[in-house]
Amino acid sequence: GNLLEVSRYFKWCNGRQGKIYGQIGGNYHGNYFGDYWNVSRGRTDRWTSNTDLGDTLYALVGIRVSPFKCLSDLSMGVEQEFGLGRNMDDDFRLRVLWDQSAGTDPLPYRKYWGYTKTWVDNIYSTREKDFTSDGVFRKGVTIPLPCDRNLLFIPYLAVRYDYKGKNEDSHDRLGFDGGPGIVIRRWFREDKYHAPRSYVEMNLYYRFAITDNRENSIGFTFHVSF
């Protein structure tokens, strides 16, 4: 899981968007950092593994660009990963990402409005010569707090898939889960000349296993955009 990211957006070739970024991340107990526990077939007393966060720490630098002006949500890029933990190795990866969302901006004079997010991430590892993919589709409603319309509550339902590639047994390669969640987003940095330009966001979710090769889990993510 991504613990920290520093990024810079830029424009190129007639307004197309690009992004240069650096990350530090790692996995905790075999699950994304922030997933406190795993509920596996009715049990809540075990972790998926005994891997410590320090064993899976990595640093990463990358660049992504949107090659098509009419498809700004599609980006392609390359990443160099540096293994910091004892279970991590250096890796050079190719990445194609589709990231589209609507309904997360504050709207004056509206009591609520629709929310949609579609996210598909495809990665090819040159070290493992392996392809992985995961994605999510969310549909919900955005509700602003009446006394602070920059504070948004977004309950939603989601369906997620992940494809783990050749390093997994054929039965485990493709799996699906889904369930409810809520995003809480607070916009800030506005003035009389600009709408809010930054936000802090927390996403809390519960995932039900749809296929028997996935497990029920609860987790959260935290994100700051400045």
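## A partly exposed arginine and its partner

Arg 127 is partly exposed, with a relative accessible area of 40%; here partly exposed is the range between buried (under 20% relative accessible area) and exposed (over 50%), computed with a 1.4 Å probe on protein chains only. Asp 89 is also partly exposed, at 42%. Arg 127 and Asp 89 form a salt bridge in which the closest N and O atoms are 3.4 Å apart. A salt bridge is counted when a side-chain nitrogen of Lys or Arg lies within 4 Å of a carboxyl oxygen of Asp or Glu. Arg 127 sits in the loop between β9 and β10 and Asp 89 in the loop between β7 and β8, so the pair ties together parts that are 38 residues apart in sequence.

## Basis of the model

The model is predicted: local features need pLDDT of at least 70 and side-chain atom pairs count only at pLDDT 80 or more, while totals for chains, interfaces and linings use all residues. Residues are numbered from 1 along each chain as its sequence is written, and side-chain values use heavy atoms, with hydrogens and water left out.

## Overall architecture

The protein chain has 14 strands and 0 helices. Both are DSSP runs numbered from the N terminus, with helices being H or I of at least four residues and strands being E of at least two. Along the sequence the pattern is therefore β-β-β-β-β-β-β-β-β-β-β-β-β-β.

Of the 226 residues in the protein chain, 34% count as buried. Among contacts with a separation of 6 or more, 49% come from residues 24 or more positions apart; a contact means heavy atoms within 4.5 Å. The accessible surface of the protein chain is about 13600 Å², and 59% of this belongs to carbon and sulfur atoms. Accessible areas come from the Shrake-Rupley method with a 1.4 Å probe, and for residues only the protein chains shown count as cover.

The whole structure contains 14 salt bridges. One of them joins Arg 93 and Glu 81, with the closest N and O atoms 3.4 Å apart. Arg 93 belongs to strand β8 (residues 91-102) and Glu 81 to strand β7 (residues 74-83); the pair links distant parts of the chain, 12 residues apart. Both Arg 93 and Glu 81 are buried. Arg 93 and Glu 81 are also members of a salt-bridge network that includes Glu 79, Arg 95 and Asp 121.

Another salt bridge connects Asp 177 with Arg 160, where the closest N and O atoms are 2.9 Å apart. Asp 177 is in strand β12 and Arg 160 in strand β11 (residues 148-163), so this pair links distant parts of the chain that are 17 residues apart. Asp 177 counts as buried at 3% relative accessibility. Arg 160 is buried as well, with a relative accessible area of 15%.

## Positive phi in two loops

Most residues other than glycine have a negative phi. Lys 129, which is not a glycine, has a positive phi of about 50°. Lys 129 is placed in the loop between β9 (113-125) and β10 (130-145), and at 54% relative accessibility Lys 129 counts as exposed.

Arg 189 also has a positive phi, near 65°, and is a residue other than glycine. Arg 189 lies in the loop between β12 (174-188) and β13 (198-209). With a relative accessible area of 33%, Arg 189 is partly exposed.
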